[in-house]
Amino acid sequence: METATAAQRRVTRPRADALRNRERIVTAAREMFVEQGPDVPLDEIARRAGVGNATVYRHFPDRGELVHHVVLSVTDRITAQADEATATAEADPEAAFEALRVFVHAAVDERIGALCPILSEAIDPDHPDLHAARVRLEDAVEGLMARGRAVGQLRTDIAVGDLMVALSQLTRPLPGAGCLVDFDQFVHRHLQLFLDGLMAPARSELPGHAATLEELRRDHDQRRQRQPRISEEGLGQK
C-alpha cells in the first residue's frame with residue numbers, strides 16, 4: 001500500500017488549515033451579523049475568528065462574498081437539521097411531530113429573522129447557489145412536515161412557507177426592545193405556543209391559504225419590481 005510522502009503531507013496541510021480558517025470566518029461573521037447587523041467591520045469579524053485581516057480578504061474579496069457564504073452556511077445547516085429530524089420520523093412515525101418540534105427549536109437558534117435583512121439588502125437572492133440551497137431547504141422541510149401529516153399529528157392547512165415565516169418573525173427582535181428585555185429568553189417559550197397551534201386536529205380554520213417558499217419569493221420579487229415605479233411616480237407629483 002502506498003503512503004503519502006512528507007512532501008505530500010506538507011502540501012495538503014495548508015489546505016486543511018485554510019478550510020478551517022474559512023469555516024471560522026463564516027461562523028464569526030454569522031454571529032456578528034446577528035449581533036450588530038451586516039455592516040459590522042470586517043476587522044472585527046477577523047478578530048472574532050482569530051485570524052488576520054489578510055486571511056479574511058484572501059477567502060472573501062469583498063463583504064458581499066462573505067455575506068453570500070454566510071447565508072449559504074445557515075441555509076445548509078437548517079437543511080441538515082431538517083434531514084436529521086426526518087430520519088427520526090422515518091425510524092418512529094409516531095414521533096413525527098416531536099421530530100418537527102426538535103427541528104424548529106434548532107432552526108430558531110440560527111436566528112434567521114435577524115439575518116433576513118442581509119438576504120434582501122446585501123446579496124443577490126437569485127444567485128444559482130442560493131436558489132439551489134432554498135430548493136434543498138424547502139424539500140427537506142416539506143418532507144418532514146409530510147410525515148407529520150401522514151400520521152395525523154400535523155394540521156393539513158399549512159405549508160413550508162407558513163413555518164419559515166413564523167420562524168423568521170419569532171427570531172427578529174422587536175425594534176427598541178433590545179435594552180429592555182432579554183429577547184432570547186422568550187423565543188423558545190413563544191415557539192412552543194406556535195407549535196401547539198400546528199398540532200392536529202386543528203381548532204380553527206385559518207384565513208388565506210398555505211404558503212410555499214416559492215410563492216413568498218414570487219410575492220417579494222413583485223413588490224421589489226413595483227417600488228421603482230412607485231418612487232418615480234412620487235417624484236413626478238412633487
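Let's start at Arg-172. Arg-172 sits in the loop between H8 and H9. Helices here are DSSP runs of H or I, at least four residues long, strands are runs of E, at least two, and both are numbered from the N terminus. Arg-172 counts as partly exposed because its relative accessibility is 34%. The cut-offs: buried is under 20% relative accessible area, exposed is over 50%, partly exposed is in between, with a 1.4 Å probe and protein chains only. Cys-116 is 56 residues away from Arg-172 along the chain, yet their C-alpha atoms are 8.6 Å apart.

A word on the source. This is a predicted model, so local features need pLDDT of at least 70 and side-chain atom pairs count only at pLDDT 80 or more, while totals for chains, interfaces and linings use all residues. Residues are numbered from 1 along each chain as its sequence is written, and side-chain values use heavy atoms, with hydrogens and water left out.

Now the overall fold. The chain has 10 helices and 0 strands. Of its 238 residues, 37% are buried.

Next, the core. The largest nonpolar core holds 52 residues. By nonpolar core I mean buried Ala, Val, Leu, Ile, Met, Phe, Trp, Tyr and Cys residues joined through side-chain atoms within 4.5 Å. Phe-33, Ile-45, Leu-66, Leu-100 and Phe-103 have the most contacts inside this core. Which helix gives the most to this core? H4, with 10 residues. Take Leu-66. Setting aside neighbours within four places in sequence, Leu-66 is in contact (heavy atoms within 4.5 Å) with Ile-25, Ala-29, Phe-33, Leu-42, Ile-45 and Phe-60.

Stay with H4. H4 has 29 residues and reaches 42 Å from first C-alpha to last, close to the 42 Å expected at 1.5 Å a residue. That expected span is 1.5 Å times one less than the number of residues. Asp-62 caps the N-terminal end of H4, with a side-chain oxygen 3.1 Å from the backbone nitrogen of Gly-64.

Thr-79 is also in H4. Buried or exposed? Thr-79 is buried, because its relative accessible area is 8%. The Thr-79 side chain reaches the backbone oxygen of Thr-75 at 2.9 Å. Beyond neighbours within four places in sequence, Thr-79 is in contact with Ala-133, Arg-136, Leu-137 and Ala-140.

Last, the annotation. The unreviewed UniProt entry marks residues 41-60 as "DNA-binding region". Such annotations may be inferred rather than shown by experiment. In the model, residues 41-60 are 75% helix and 0% strand, with end C-alpha atoms 14 Å apart.

Notes. Polar contact = N/O pair within 3.5 Å; in protein donor to acceptor, adjacent residues only side chain to side chain.
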